[in-house]
Amino acid sequence: MKYLSSKQISTLLFIILLLLPNISYSSAWTKSKKEIFGNIEYYVESDSLSTYFKNKNSNFYKTDYLQTYFEYGLFENLTVGGYLKKYNFYSKYYGQDDIIVNNINNDYYGNLFLIQNIYKTAKDTLSIQYSVYFPIKYSNLSKMINPVDTRFGYEMSLSYGGNNNFSDYLNYFFEFKGAYKIINNMNEDKLTINATLGIRLNTTSSFIIQYENDNYPNTLLSKSKSYNYNKQKTINKIKFSNNYKFSDDYSLEFSYYRIFPYSAVNALSASIIFNY
């Protein structure tokens, strides 16, 4: 099997650095003592979602993962959590004489975090989160194509959230989050700004919209001699979600992601969420 050229690797590396989602469920609100929150999520991202479901071998770029996520209220103002993610990646290039295909199957990555509440009232809250990201199982090809996930990463974030009730059925919540991530053994940092607005429409259904801005101030690819990425060190993501609560403890959530400036790359996810 032929592998990608250095120019093609640069292109894929930039896509993975900027497009892989990190919009998460952890937030400004810590869990009550001994409260458990979690979800099981399946996520699909591709340059063409329609062809992904019809013919999985026709895409230029696609990735999917299965993730289990949890939060546990250790104390009233202290929550621990993390995730385990099974990750797959596929890319295809058309060369002059042949087709170059790269597959990554069954990589595993993990995350652990701690959320500490530092301010709380009946309507708003402020918390600090400390996170560590770590690889569990990956291939040599993953190290070349996906260098961020195959290295340890450390992140600190500050989140402010609030909520208000219009009536017994209609209410809303909002959250603003800023995070800074350092990736081990890379001249690479990541600054993230995240804003979320959620509206409960009735006793069972909620609509959530989330905006995220990722900035890589030190990205190596912005200095590439082959490509000029100076205008693409920032990526914007919008996530639209609908949450349906079918019992006191369980709900379903379906999400659609729109990624800019790469409007051709979109994503879908489905989650089973539990809280008790």
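This is a predicted model: local features need pLDDT of at least 70, side-chain atom pairs count only at pLDDT 80 or more; totals for chains, interfaces and linings use all residues.
Modeller: Residues are numbered from 1 along each chain as its sequence is written, and side-chain values use heavy atoms, with hydrogens and water left out.

Colleague: Fine. Why is Ser241 called buried?

Modeller: Buried means under 20% relative accessible area, exposed over 50%, partly exposed in between (1.4 Å probe, protein chains only). Ser241 has a relative accessible area of 3%, so it counts as buried.

Colleague: And what makes its link to Ser255 a polar contact?

Modeller: That takes a pair of N or O atoms within 3.5 Å; within protein, one must be able to donate a hydrogen and the other to accept it, and residues adjacent in sequence count only if both atoms are side-chain atoms. The side chains of Ser241 and Ser255 make theirs at 2.6 Å.

Colleague: What about Tyr276, which class is it in?

Modeller: Tyr276 has 49% relative accessibility, so it goes down as partly exposed.

Colleague: How do you know that Lys31 and Glu71 form a salt bridge?

Modeller: The rule is a side-chain nitrogen of Lys or Arg within 4 Å of a carboxyl oxygen of Asp or Glu. For Lys31 and Glu71 the N to O distance is 3.9 Å, so the pair passes. Lys31 sits in the loop between helix H1 (6-19) and S1, and Glu71 in strand S2, so the pair ties together parts 40 residues apart in sequence. Helices (H or I, at least four residues) and strands (E, at least two) are DSSP runs, numbered from the N terminus.

Colleague: Are those two buried or exposed?

Modeller: Buried: Lys31 has a relative accessible area of 14%, and Glu71 has 1%.

Colleague: What makes Lys237 and Glu212 a salt bridge?

Modeller: Their closest N and O atoms are 3.7 Å apart. Lys237 is in strand S10 and Glu212 in strand S9, so this pair ties together parts 25 residues apart in sequence. Salt bridges that share partners join Lys190, Glu212, Asp214 and Lys237 into one network.

Colleague: Last one: why do you call strand S1 largely enclosed?

Modeller: Eight of the 11 residues of S1 (residues 36-46) are buried, so the rest of the structure largely encloses it. On pairing, DSSP must find at least two bridges between two strands. S1 has 11 bridges to S2 (residues 61-75) and 10 to S12 (residues 266-275), antiparallel in the S2 case and also with S12.
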